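Dear colleague,

Please find the structure handed over below. My findings follow it, and I would be grateful if you would read them alongside the model.

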Amino acid sequence: MLKEFIPFIDKDRYLTIQLFEFLASQKKTVHSLVKIQEVLQVSQYRAKITIQDAISLSKDFPTFKITFENDILSALNIDNFLLNKIIDFEAHKSLRFRIFLYTTLNIYSESDTEFQRNVGISSSTYFRLKKGLSQDIGSSKIECMRKSEVFSRYYIYQVLVYFSFFDYFPSGIKANKNFIKMKNSIAYCTLIWKITPTQSQRKQINYFVTIGILRSKNQHHITENDNEYLVEVLLHEQILLFMKHLSKDWYMLEKSASLVTRYALTFLINTNNLPVSQLKLLKNFSDIQSITNQQVDIIKDLADPSLVDTKIIDLQNKLLKANARILSPFFKTDLFFTEQHWYYANLLRNGAVENLIDEFTTLISSANSTPFNKQEIAQIKKDYSLIILPKLSIRNLILPIHIVVDFSEGSLFNDYITSGLQSITGLNIKIDQHLSKLTDIYLTDTFNPSYTKQQIIWPAMPKKSDWQQLKAHIMSLQKHRFDQLDTSN
């Protein structure tokens, strides 16, 4: 389980999660009590209690089986799917998580006394757990939540999405008239902004809007104090239409409708839900476009022209969305949970890619009003890696081997040799008509003493062995070039 979410789990329930994490990661199905104790780093007594807690869970999750006899634990059908369900289950049962829900959303409009009675704790226990939860979340986040409603909503959103809380929401709450209106607003939003969310993206949007409704119900509203977390927009028709919808269906004043519209767009950009065609709504779109164009020009200069012809448009669109997200106010907010992001270094396997990403990162950093910290730079590089690596293979990122084909028999024979070269798969080569500083191989039948670079002489019709030797030589040049670029080893 990600450590950023541990504060919301009661300690005994977290031990149970740790046990299932261990079991899900093992191929073996049998483990000693000593091993379990070592994994959990607890006493033997506590380890036995945790094992019994895990066995009790089989009543709620009959798909797995755990037995414990003679200090030997046997476990069957423990996988990541089950683990995620158990994490959700233990979170929803945890007093810490329930206190977090009560203090941030108060879904059932309870008083402190009513909440304490309903969960079965005393006032002193409630305040002790509440204080411990705040300390574990961290004073900086708690202070940001106190100062900013946008920050609070987005923080709550990230926690609830991780634990899939609304997936288990009571049907009676979902039938509330505000939640019915919510569905209509989401449908309208997807229509005017041309959003086509996947199932997981739809879940994100539903959670986002639900949290907004619950916060507003408790008189926690977005104000102009939240400006630093919101994108600036131009008053295009789509913006005005959505503001009008908020005013009509949710009775918002123009100022509030404007803030909520900007909040919605900020969220959609940060979760990659807003289509490229709608980025024009942003005031800083020209800056985003300028940076993207510079990045695309770098790729065009570096990559094989065939890549530019077939993949550049998709690459450009992905970079536009990534750059909009990186320059959005929510980007830093999303980095609360840095450990959920796998680092870009795990993706990179050659220096050419790394150099390209470094260049892209420098460009985007120069356009940001405040410097990015190390964690943010790691996230930026990961985003660029996910865009670049599927599009640019190693052969795309190593400049092609330039070959000049120049036989004395003229164009007929030159075309024959050129065709033979182009039919050899797996080579990143470019056939040029004239010698230049880019030329790597001069393929001819006549030695040229004035040309000092590589010459390959075929005085007669090439044999199979000649073609094989040429291919081996080209591959040797490419390996040498790659070794020079590769700084990752």
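The notes below cover the chain as a whole, then a pocket, and then some individual residues.

This is a predicted model, in which local features need pLDDT of at least 70 and side-chain atom pairs count only at pLDDT 80 or more, while totals for chains, interfaces and linings use all residues. Residues are numbered from 1 along each chain as its sequence is written, and side-chain values use heavy atoms, with hydrogens and water left out.

**The chain**

The protein chain contains 22 helices and 7 strands; these are DSSP runs (helices: H or I, at least four residues; strands: E, at least two), numbered from the N terminus. Of its 489 residues, 48% are buried, where buried means under 20% relative accessible area, exposed over 50% and partly exposed in between, with a 1.4 Å probe and protein chains only. A contact is defined by heavy atoms within 4.5 Å. Among contacts between residues at least 6 apart in sequence, 74% join residues at least 24 apart.

The structure has 0 disulfides, a disulfide being a pair of cysteine sulfur atoms within 2.5 Å. Cys189 counts as buried because its relative accessibility is 10%, whereas Cys144, at 26%, counts as partly exposed.

**The second largest pocket**

This pocket has a volume of about 690 Å³. On a 1 Å grid over the protein atoms alone, a pocket is an open set of points where a 1.4 Å probe fits, with protein on both sides within 12 Å along at least five of seven lines; lining residues have an atom within 4 Å of a point. Grid points are joined across faces, edges and corners, and the volume is the space filled by probe spheres set on the points.

The lining comprises 29 residues, with Ser216, Leu246, Trp250, Met252 and Val260 nearest the centre of the pocket. Helices H11 (177-192), H12 (199-217), H13 (237-250) and H14 (254-270) each give two or more residues to this lining.

**Two threonines**

Thr271 lies in the loop between H14 and helix H15 (285-302) and is buried, with a relative accessible area of 11%. Not counting residues up to four places away in sequence, Thr271 touches Tyr157, Gln201 and Gln204. Thr271 and Phe331 are 60 residues apart in sequence, and their C-alpha atoms are 9.8 Å apart.

Thr361 belongs to helix H18 (residues 351-366) and counts as buried at 5% relative accessibility. Leaving aside neighbours within four places in sequence, Thr361 is in contact with Ile377, Ile380, Lys381 and Tyr384.
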